[in-house]
Amino acid sequence: MLWVAVFLILTTASGAWAGMDEKGKDAFRELQLGYVALDEGDFESAIGHYTNARDLSLGDEQRYNALFGLGSAALELGLLDDAREALEEAHELKPGEAKCTFMLGVTRRRQGALREAVTYLAEAAVRDPELTQALVELGITYGALERHTDAERVCREVLKRDPDNIEARLGLAVALFHQDDNEAAVREFRGVLELDPENARAHYGHGLALLFAGDRNGAKSEIIYLNTHAPELGADLYERVYPKE
């Protein structure tokens, strides 16, 4: 699950609760219900509760939490325009919050706004060095922009922190392949497959890297695997190994 827990305290001091008017208490209840629904994966219910919390919110703190939760749930459902709208407003309220900046970067990447995504993701990674996933997403985005040297650099940084991060190792393998370092790419794809033997993208990339490294027979073995487990990738790899004259 991609969403990051909303900065919401589920219990509050009795004095603070007593100081709320009824509208504030209702907003807080909706935030609690939204948090629970998000945590349970009931994203449609989460959207409903966070929308209510947003409309009832008193002050920037409640509104930020409602918007961040709303954007997180919308992103999980693939409602990218709704996610962007909510997260942009949350970001305006608290531009220094790394997790909101990160989620906005992910949303923009999925919308195809790659250069804008790079800005948000790089900022999130700087603001919160513990937010490793921001670097993972940044590496993916650099790859999509064909900035393969940058993708390699970022993926290597992730792997220093988390050597078993499959996304980063796969991103590194792809970056190396696109820089024509095929033997190194083969090693990295194999590293992914050691961690995740059924990773179809890694089998496909491994086959390509083997082919360009001069191991045609090795590439053929990956066609056999992919024909069973990921036929579309198998067909694509077959056409590369056996190009039409």
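**Exercise 1. In this predicted model, work out how α5 passes α6, and which residues meet there.**

Solution. 
- Step 1: Start with the handedness. The crossing in which α5 passes α6 is left-handed.
- Step 2: Next, take the geometry. Helix α5 spans residues 80-93 and helix α6 spans residues 98-110; they pack at an angle of about 150°, and their axes are 9 Å apart. That angle makes the two helices, α5 and α6, roughly antiparallel, because angles over 145 degrees are put in that class.
- Step 3: Now list the residues. From α5 come Leu-80, Ala-83, Arg-84, Leu-87, Glu-88, Ala-90 and His-91, and these meet Cys-100, Thr-101, Met-103, Leu-104, Thr-107, Arg-108 and Arg-110 of α6.
- Step 4: Sort them by class. The contact of α5 with α6 has seven nonpolar, three polar and four charged residues.

**Exercise 2. Describe the packing of α9 against α10.**

Solution. 
- Step 1: The axes of α9 and α10 cross at roughly 150° and come within 8 Å. The pair α9 and α10 is therefore roughly antiparallel.
- Step 2: The handedness of the crossing of α9 and α10 is left-handed.
- Step 3: On the α9 side, the contact is made by His-148, Ala-151, Glu-152, Cys-155, Arg-156, Val-158 and Leu-159; on the α10 side, by Ala-168, Arg-169, Gly-171, Leu-172, Ala-175, Leu-176 and His-178.
- Step 4: By class, the residues of the contact of α9 with α10 are eight nonpolar, three polar and three charged.

**Exercise 3. Now try the pair α2 and α3: at what angle do their axes cross, and which residues make the contact?**

Solution. 
- Step 1: Helix α2 (residues 22-39) and helix α3 (residues 43-56) have axes that cross at roughly 160° and come within 8 Å. Helices α2 and α3 are therefore roughly antiparallel to each other.
- Step 2: The crossing of α2 and α3 is left-handed.
- Step 3: Among the α2 residues in the contact are Lys-23, Glu-30, Leu-31 and Tyr-35, and the α3 residues include Phe-43, His-49, Tyr-50 and Leu-56.
- Step 4: The contact of α2 with α3 divides into eleven nonpolar, four polar and four charged residues.

**Exercise 4. Check the span of helix α4 and decide how enclosed it is.**

Solution. 
- Step 1: Helix α4 covers residues 60-76, and its 17 residues at 1.5 Å a residue should span 24 Å.
- Step 2: The end C-alpha atoms of α4 are 24 Å apart, which agrees.
- Step 3: Of the 17 residues of α4, 13 are buried, so the helix is largely enclosed by the rest of the structure.
- Step 4: Gly-78 follows α4 and has a positive phi, near 75°.

**Exercise 5. Where do Glu-146 and Asp-180 lie, and are they buried or exposed?**

Solution. 
- Step 1: Glu-146 is not a glycine, yet its phi is positive, about 60°. Glu-146 sits in the loop between α8 (132-144) and α9 (148-161), and is exposed at a relative accessible area of 62%.
- Step 2: Asp-180, also a residue other than glycine, has a positive phi near 65°. Asp-180 belongs to the loop between α10 (166-178) and α11 (182-195), and counts as exposed at 64% relative accessibility.

Technical notes: Residues are numbered from 1 along each chain as its sequence is written. This is a predicted model: local features need pLDDT of at least 70, side-chain atom pairs count only at pLDDT 80 or more; totals for chains, interfaces and linings use all residues. Side-chain values use heavy atoms; hydrogens and water are left out. Axes are lines fitted to C-alpha atoms, for helices over the stretch in contact, and angles run from 0 to 180 degrees between N-to-C directions. Helices (H or I, at least four residues) and strands (E, at least two) are DSSP runs, numbered from the N terminus. Angles under 35 degrees count as roughly parallel, over 145 as roughly antiparallel, 65 to 115 as roughly perpendicular and the rest as oblique. A crossing is left-handed if the near helix is turned anticlockwise from the far one by less than a right angle, and right-handed if clockwise. Contact means heavy atoms within 4.5 Å. Ala, Val, Leu, Ile, Met, Phe, Trp, Tyr, Cys and Pro count as nonpolar, Asp, Glu, Lys and Arg as charged, and the others, Gly among them, as polar. The expected span of a helix is 1.5 Å times one less than its number of residues. Buried means under 20% relative accessible area, exposed over 50%, partly exposed in between (1.4 Å probe, protein chains only).
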